Every structure is written in structure tokens, then in C-alpha cells.
Amino acid sequence: MEDTPLTTAEAEEMRMKMTKEGVESGVVADILGNLLARKVSVQVMLDSGLGKAVKSQKKHADPKVAEAADKLTAKWREIVAAESQKKSTPAKAAEKKEGKGAPAPKAGSSEKKAEKK
């Protein structure tokens with residue numbers, strides 16, 4: 001099971017168990033430990049709402065749960081950053097560097113706005 005990609009259905013089930021009223025901290029810690037060992041895509045995090053549920057556990061009264069949630073959110077931040085970087089193609093990065101991205105504002109446009117005020 002370790003390093004097996006997490007499905008959206010599994011993620012939703014874990015989210016529901018973790019956020020259930022009166023859930024014991026040991027159950028939450030087990031879920032977080034399981035998640036630390038699994039591959040979780042950004043899409044699964046978003047579709048299931050698991051990311052928000054894990055983030056909320058960072059404020060848990062049990063320090064072990066809070067620490068595990070903190071480690072998991074740090075791991076997931078790296079995954080999100082890496083995936084975002086993949087989506088930014090070298091061509092787009094070059095355009096931004098050369099100033100070819102968005103068109104430049106028209107000359108004098110900010111001066112005209114200042115005059116109107």
C-alpha cells in the first residue's frame with residue numbers, strides 16, 4: 001500500500017473519517033501517517049477536499065497529530081510547487097523574461113488617470 005497513488009474515493013473517505021465529530025486523535029494520526037506514505041496528486045487533493053482537512057489538523061490539540069499534519073502539508077506544498085513548475089513551459093518562461101508576456105501599458109495611460117482625479 002505504501003507509495004500507492006491515492007484515489008479520490010479513498011481521499012474522500014479519509015477526509016470524512018478525519019473530520020468526523022468526536023474522532024479520536026489516534027485515528028487521525030493513523031490517517032495522516034498513511035497519507036505521508038502515499039502518492040497524492042494535486043487533483044485528488046483538490047477534488048476530495050483532503051488538503052483543507054489536513055491543514056485544519058495543524059491546530060489539533062494532540063501535538064503528534066498537529067506535527068504529522070504540518071509535515072504532510074509541507075510535503076504537499078512541494079508537490080504543488082513542482083507540478084506548477086512543470087506547467088510553466090520553457091517558452092513561457094522565456095517570454096516573461098524577454099517581456100513578451102502581457103502587452104505593456106499604453107504610454108501616458110497612468111498620467112491620464114491621475115489628471116481625471
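Contact is taken here to mean heavy atoms within 4.5 Å. The structure is a predicted model, in which local features need pLDDT of at least 70 and side-chain atom pairs count only at pLDDT 80 or more, while totals for chains, interfaces and linings use all residues. Residues are numbered from 1 along each chain as its sequence is written, and side-chain values use heavy atoms, with hydrogens and water left out.

Apart from neighbours within four places in sequence, Val-54 is in contact with Met-18, Leu-32, Leu-35, Ala-69, Leu-72, Thr-73 and Trp-76. Val-54 is also among the residues with the most contacts inside the largest nonpolar core, which has 19 residues; such a core is a set of buried Ala, Val, Leu, Ile, Met, Phe, Trp, Tyr and Cys residues joined through side-chain atoms within 4.5 Å, where buried means under 20% relative accessible area, computed with a 1.4 Å probe on protein chains only. The largest share of this core, five residues, is contributed by H5, one of the helices, which are DSSP runs (H or I, at least four residues) numbered from the N terminus.

Gln-57, which lies in the loop between H4 and H5, is likewise buried, at a relative accessible area of 8%. Beyond its neighbours within four places in sequence, Gln-57 is in contact with Met-18, Val-28, Val-65, Ala-66 and Ala-69.

Key:
Helices (H or I, at least four residues) and strands (E, at least two) are DSSP runs, numbered from the N terminus. Buried means under 20% relative accessible area, exposed over 50%, partly exposed in between (1.4 Å probe, protein chains only).
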